[in-house]
Amino acid sequence: MSTQGNESLTVGTATAAPGEIARGHIEVGVLAGGVEVKIPVIVVNGAEGGRTFWVNGAIHGDEPEGPRACHLALERIDPMQLKGAVVLVPVVNPIAFSAMERGNPLDTFTYDMNRCYPGKPDGYFTERVAHAHWTAMNGVADLEISIHSGGAHSFLDKAIFCDERPESVELAKAMGEGWGCIMSNFSKTGSPMAMLNQNGAVGITVELGGRSATSPEKFRWVADELAKAIVNICRHYGMLPGEARYPDPCTKGAQQALLAPASGIFLPVEGVEFLTMMRKGDPIARIVDVWGDEVGTIEAPADGMFFGLRALPNVQTGDWCCFFNIVEGHRD
């Protein structure tokens with residue numbers, strides 16, 4: 001793994017000398033109305049050399065948890081105590097974030113930015129944004145987390161996707177207490193995580209937050225938990241002083257999406273909790289029609305736990321309802 005020496009670090013237009021913080025942008029292009037599209041970036045360059053840890057937020061524009069987590073983490077990282085560097089990209093997809101939509105509404109061909117990495121310098125506009133971001137990150141980031149949530153559609157509790165290399169699992173565990181729902185994802189392209197892993201660095205995708213947790217109190221809690229995880233990662237790798245904490249229990253599993261068997265109103269079973277082990281066949285939710293009659297049920301497809309539920313009660317047949325982690329075992 002490469003290390004950032006005791007020298008200045010430049011990302012986009014941001015250059016930070018050792019022990020300094022710098023703000024800048026990764027420049028992308030210009031829209032038809034003359035608006036310049038730039039990806040904001042914050043470089044925290046430690047007084048001593050070490051790894052470069054890169055944090056990405058708001059690849060999906062309806063997921064504001066990542067940007068706020070970057071703000072809170074920045075308040076807790078003293079560059080004079082930092083070994084290495086932390087690069088914070090609060091908003092990777094600025095047009096989608098401004099529109100408060102999952103993807104850029106001006107680009108219907110490559111709407112989901114988290115599916116088109118490494119992007120293309122001469123592709124659709126979202127592909128060009130992804131390419132600019134990837135070009136800035138590639139060869140600089142040693143460790144990376146992409147922060148996601150349920151967005152405008154759902155709530156996702158603490159969950160992680162990694163490619164199961166030992167170094168990837170290590171980074172996942174370094175997220176800290178409560179982050180023991182770790183699932184396998186072996187994609188080679190499409191996301192920052194996939195591209196970094198393919199190129200010999202270490203990236204993971206983390207999930208927390210969404211529509212059901214946007215009240216002021218819940219949003220503060222989600223952002224604080226993510227910020228604590230960023231600092232915990234720095235502590236685990238010796239980038240910041242302090243004792244790192246780890247998840248217990250910690251499981252290995254695979255994601256399965258559970259879809260609505262009927263149309264109506266989606267009603268989770270009372271008392272069934274996120275990230276709690278269930279047996280195959282245990283009830284998760286039921287669906288009632290406009291008369292209040294039950295027309296369908298959703299059950300655990302295997303032993304495991306759910307980490308995501310839709311927040312919109314009205315549902316059509318075949319709509320997404322639940323993300324379930326089929327637990328395959330426990331991690332040491």
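Guide: Sorting the lining of the largest pocket by type gives 7 nonpolar, 15 polar and 5 charged residues. Here Ala, Val, Leu, Ile, Met, Phe, Trp, Tyr, Cys and Pro count as nonpolar, Asp, Glu, Lys and Arg as charged, and the others, Gly among them, as polar. Keep in mind that this is a predicted model, where local features need pLDDT of at least 70, side-chain atom pairs count only at pLDDT 80 or more, and totals for chains, interfaces and linings use all residues. Residues are numbered from 1 along each chain as its sequence is written, and side-chain values use heavy atoms, with hydrogens and water left out.

So what's a pocket? On a 1 Å grid over the protein atoms alone, it's an open set of points where a 1.4 Å probe fits, with protein on both sides within 12 Å along at least five of seven lines; a lining residue has an atom within 4 Å of a point. This one is lined by 27 residues, and H60, R102, N114, R115 and E207 lie nearest its centre. Strand 8 (154-162), strand 10 (202-210) and strand 17 (320-330) each give two or more residues to that lining; strands are DSSP runs of E, at least two residues long, numbered from the N terminus. Strand 8 supplies the largest share, 3 residues.

Notes
Helix = DSSP H or I, 4+ residues; strand = E, 2+ residues; numbered from the N terminus.
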